[in-house]
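Biologist: I would like to learn how to read the packing of helices in a model, taking one feature after another. Could you take me through it slowly?

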Amino acid sequence: MTRSLRDWISPRSDGGAELDALLAGAWEDGTAAVTRVLDIEAGKAALLAAFQGRRSARQPGHQESAEDGAVAAVCGEVDILLAIITVEDQPNMGPAHSTVMPYLLSVRKFLIQLRAGLSRRGLTKAEALQLVGNVRHGLSEGARTLRLLPPGAIPAGGQEAAQLAELIASILHRLPALNDRIERLFDEAGDTSRVPVPQ
Amino acid sequence: MVADDGVRMSGGSEKLEVVNLADFDAIAVLYEREMPRLVLFVSTVSGLDFHAAGDVAQTAFERALPRWAGLRNPKAWLYRVARNEAIARCEAIRREMPADLIPEQPYQISVAEWRDEQREVLACLKGLPPKQREVMTWTLEGFSDAEIAAAMGLSADAVKSNRRYAKASLRKRLGLNRRGAR
């Protein structure tokens with residue numbers, strides 16, 4: 001049984017009514033902001049695909065696989081990469097951040113696509129490896145652009161640029177392992193047409 | 001028998017039932033209504049960025065598919081599963097990542113979409129100690145004290161206490177006096 005928001009913001013609650021209203025308003029505004037950046041239709045389509053996958057997995061003759069853990073391991077590796085890439089989209093970013101941010105945004109997008117595609121069993125081996133290739137390309141381009149920044153554009157010490165270069169290098173360093181995991185995931189199942197883990 | 005996560009149980013184990021097209025329509029309606037709220041909830045509770053929170057929320061919906069017919073309270077189940085999944089991912093990240101690479105601030109892809117007041121209020125909320133923040137977040141989503149207590153493994157009194165401290169802290173951080181005026 002859940003309480004309605006109106007009940008919660010009533011003056012009987014254990015804080016000031018204005019604080020409750022302020023919080024409730026910010027929460028609703030926040031929800032609206034999230035709604036604007038989410039692709040609800042794409043999410044529903046992915047859910048429908050998962051639903052249909054479950055129905056087909058229940059058909060007679062369907063072979064259960066024990067490879068959930070292998071996909072989870074690859075997704076876990078992608079999660080780590082996603083956690084490494086943090087960029088504050090703030091107006092007071094330094095020049096190095098501003099320069100590299102578009103590349104990191106695209107890298108995040110590819111990693112999200114990879115994770116979503118793997119977990120929803122919607123990628124072929126070639127598509128998964130292509131996404132890893134896109135990540136590598138985005139990072140390499142970001143690093144190259146960083147190196148090309150004129151010295152005058154970077155504040156004294158260049159700490160910001162050095163941190164970004166280190167961040168990019170750390171992700172690039174992990175990509176071969178991710179590539180290998182994806183290769184093994186498909187090859188060991190002997191099927192490269194889709195992620196080999198029916199539910 | 002009803003488990004405290006809202007799943008009807010049968011014979012001591014969770015009963016998985018076949019989901020049908022009518023179920024999917026109902027899930028799709030719930031998805032449209034709850035997905036943005038669930039993403040904001042996950043992000044606020046766990047500190048995950050919106051992309052990762054969206055993935056967690058989507059995963060929770062996918063996990064609901066085979067259980068749908070047995071869910072007594074699908075919303076409570078989804079939020080609880082998403083909360084646990086987010087915490088598990090955060091712990092895995094902390095376990096496997098070098099400490100100096102763990103971000104201090106979550107990535108905010110949509111920060112430009114937020115008004116100053118929203119940002120201030122939600123930043124104050126995110127700045128609370130974890131238990132207080134989580135109790136407030138569940139409360140904002142309209143869950144009862146009993147549901148919050150069950151989800152967080154706390155007593156109802158502890159829920160009330162955390163909310164009282166959280167509100168006092170928020171009043172202070174937001175510059176509100178006891179009666180609520182700024």
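Biologist: At roughly what angle do the axes of helix 5 of chain B and helix 7 of chain B cross, and within what distance do they come?

Modeller: Before the answer, a word on the source: this is a predicted model, in which local features need pLDDT of at least 70 and side-chain atom pairs count only at pLDDT 80 or more, while totals for chains, interfaces and linings use all residues. Residues are numbered from 1 along each chain as its sequence is written, and chains are lettered from A and ligands numbered from 1 in the order in which they are written. Two packed helices are described by the angle between their axes and the distance between the axes. Here the axes of helix 5 of chain B and helix 7 (residues 156-173) of chain B come within 8 Å and cross at roughly 95 degrees (axes are lines fitted to C-alpha atoms, for helices over the stretch in contact, and angles run from 0 to 180 degrees between N-to-C directions). That makes helix 5 of chain B roughly perpendicular to helix 7 of chain B (65 to 115 degrees counts as roughly perpendicular, under 35 as roughly parallel, over 145 as roughly antiparallel and the rest as oblique).

Biologist: Which residues of helix 5 of chain B meet helix 7 of chain B?

Modeller: On the side of helix 5 of chain B they are K131(B), Q132(B), V135(B), M136(B) and T139(B), and they meet V159(B), N162(B), R163(B), Y165(B), A166(B) and S169(B) in helix 7 of chain B (contact means C-beta atoms, placed from the backbone, within 7 Å). The residues of this contact divide into five nonpolar, four polar and two charged (Ala, Val, Leu, Ile, Met, Phe, Trp, Tyr, Cys and Pro count as nonpolar, Asp, Glu, Lys and Arg as charged, and the others, Gly among them, as polar).

Biologist: How many residues of helix 5 of chain B are buried?

Modeller: Nine of the eleven residues of helix 5 (residues 130-140) of chain B are buried, so this helix is largely enclosed by the rest of the structure (buried means that 20 or more other C-beta atoms lie within 10 Å of the residue's own, with C-beta atoms placed from the backbone). Among the buried residues are R133(B), E134(B) and W138(B). Just after helix 5 of chain B, G142(B) takes a positive phi of about 85 degrees. Helix 2 (residues 50-64) of chain B is mostly covered, with 14 of its 15 residues buried, while in chain B as a whole buried residues make up 41% of the 182 residues.

Biologist: How do helix 5 of chain A and helix 2 of chain B pack, and what is the angle?

Modeller: Helix 5 (residues 95-119) of chain A and helix 2 of chain B pack at an angle of about 10 degrees, with their axes 11 Å apart, and they are therefore roughly parallel to each other. In this pair R108(A), I112(A), R115(A), A116(A) and S119(A) meet H51(B), D55(B) and T59(B), and by class the contact has two nonpolar, three polar and three charged residues.

Biologist: At what angle do helix 2 of chain A and helix 4 of chain B cross?

Modeller: The axes of helix 2 (residues 17-37) of chain A and helix 4 (residues 116-126) of chain B come within 9 Å and cross at roughly 110 degrees, which makes these two helices roughly perpendicular. L22(A), L23(A), A26(A), D29(A) and G30(A) in helix 2 of chain A meet E117(B), Q118(B), V121(B) and L122(B) in helix 4 of chain B, and the residues of this contact divide into five nonpolar, two polar and two charged.

Note on methods. Helix = DSSP H or I, 4+ residues; strand = E, 2+ residues; numbered from the N terminus. Contact = placed C-beta atoms within 7 Å. Buried ≥ 20, exposed ≤ 12 C-beta atoms within 10 Å, placed from the backbone. Expected span 1.5 Å × (residues − 1).
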